[in-house]
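Hello,

Here is the structure I promised to pass on to you.

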Amino acid sequence: MYRWLLIPLLGLATLTAHAADWTTPAEAAQFRTTPSYADTLAYLQRLQQTAPGVIHLETFGTTPEGRPMTVVIASGDGTFDPAAARAAHKPVVLVQAGIHPGEIEGKDAGLMLLRDIAVAGKYPHLLDELVLVYIPVFSVDGHENSSPYHRINQNGPASMGFRGQSQYLNLNRDYIKADAPEMRAWLKLWQAWLPDFLIDVHTTDGADYQYDLTWYTEDPHKLDPAVSAWQHDAIVNHAMPAYEQRGHLASSYLEFKDGRDPRKGLENFGSGPRFSTGYAALQNRPALLIETHMLKPYANRVRATYDIVELMLEQIGAHPAALLAATAKADADTIARAHDPRASVPLTFKLDPQPTKLALKGYAFTRSHSDISNSEWIRYDPSQPTTYTIDNWNRLLPDLSITPPAAYVVPAQWTVVIDRLDAHGIRYRRTTQPLTMRAEGYQLDEPRWADKPFEGHLMLRDFRLRALPPEVRLPVGSVIVPMDQRAANVAINLLEPQAPDSLLHWGY
């Protein structure tokens, strides 16, 4: 009797879900507008109530203005916590939108994709072999500080969020220094889930061209070889060709050497630990930065984001063990490196002097004098698609490298430094009695400071460095940071003076 009653009840629930109006707010507005944070959460809560075995909402932090930071956990079988994901050997994919809230395609694409997974049944097996951790809006206060004038050249939506959060910090410059409360919350989320893959959704600006999406991954020299190989195969060999088969046009990231003449070629934009993909690389994780183009209609940009995220999930779900093996090997290699006296870790990178060639699918353009800027003004003509063969200096080579020490020692009085170690989940032990030891230290001479602040810091631009072998006396409570830990690269980039985003360079 029970079995015969269950089937119509389940069928009734499905019919009820399909009968409801699941049009997202952006779709209902024909993508002229994007919903408020409250309306976004209301839609997600409806999804959770309708599909509680697939969609789960959590609050993972609070913004400076007191708003909740919401994360969505989506799973095909109700795997909603990190321990369960690890026990089931499921890769964890973190997709985040709205770190720059004026660039908000990832939010609206995410609502549509979650709807199509949980209610419409369009991808019934997409989440069978992985767990999706989705942040619909990272910079919530910035999202609510909305105006038609925050990105005045952008082709929709009608009103756009502000680039910084409410303390005017740019969260995509904050990963390593971790000043913002939002970033502290994100770091706790990262440490809890330890995602295997990160997708960070943005919108580019500047030059005009035919591509509706450009993308960036960290250079192979910044990654463990296993992670680099997985990243190239999954993204370059599989996801991007499938993306273009859906009618899109994509290119690797386009950073022009001269914004007034694309024909002069491309260079690497200089990602580092302050950026999302650069920080993920320090954590031994592959990451994909996607940039839709601000001059394309908003509906096209949302669809472009939807398709590449869905295809990446499809690729990972089809071969989950490959991603897990790559990240596990990278972690193991980092730990084992601590026992290799020949190990070398690059801190800075330089452009490969040998460029490759790129067929840039752009537009014809003219240049004329601007009376406003008193410089040349470039104007593109989208009615004349033009392909230019240009030089691409995107590849990097290691520049300054170091041999990691057995451990770093931070005296107890440097509480701000120890606080940053805590924020990043760096393992250390505290001394329980005064300690005298010989260790390598640094003498810094001829400091050159920035002439104006950046992100609230007066940065130390340059200095002359000499290594010294001092005898040091450490007070009780000093911390010793060993290098035989998976997050060793984060510690190195915080504590090595010459690392480009070291705490010393940030003015500590």
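By class, how many nonpolar, polar and charged residues does the lining of the largest cavity have? The lining has nine nonpolar, three polar and no charged residues. Here Ala, Val, Leu, Ile, Met, Phe, Trp, Tyr, Cys and Pro count as nonpolar, Asp, Glu, Lys and Arg as charged, and the others, Gly among them, as polar.

Before you read on: this is a predicted model, in which local features need pLDDT of at least 70 and side-chain atom pairs count only at pLDDT 80 or more, while totals for chains, interfaces and linings use all residues. Residues are numbered from 1 along each chain as its sequence is written, and side-chain values use heavy atoms, with hydrogens and water left out.

**The cavities**

A cavity is a set of points on a 1 Å grid, over the protein atoms alone, where a 1.4 Å probe fits but cannot get out, and its lining residues have an atom within 4 Å of a point. Points are joined across faces, edges and corners, and a volume is the space filled by probe spheres set on them. Two cavities of 30 Å³ or more turn up by this rule.

The largest holds about 90 Å³ of space. Two or more lining residues come from each of α5 (105–118), β4 (131–135) and α10 (298–318), and α5 gives the most, with five residues. Among the lining residues are Gly106, Leu113, Tyr134, Val201 and Tyr306. Helices (H or I, at least four residues) and strands (E, at least two) are DSSP runs, numbered from the N terminus.

The second largest cavity has about 40 Å³ of space. Its lining includes Asp208, Phe256, Pro262, Tyr363 and Tyr388. Two strands, β12 (356–370) and β13 (375–393), are the elements that give two or more residues to this lining, with the largest share, four residues, coming from β12. This lining divides into nine nonpolar residues, one polar and one charged.

**The whole protein**

In total there are 13 helices and 22 strands. The radius of gyration is 24 Å, close to the 23 Å that the globule rule gives for 508 residues, so the protein is as compact as a globular protein of that length. That radius is taken over C-alpha atoms, and the rule is 2.2 Å times the number of residues to the power 0.38. Along the principal axes, the C-alpha atoms fill a box of roughly 75 × 75 × 40 Å.

Best wishes

Terms used. 1 Å grid on protein atoms, 1.4 Å probe; cavity = no way out; pocket = protein on both sides within 12 Å on 5 of 7 lines; lining within 4 Å.
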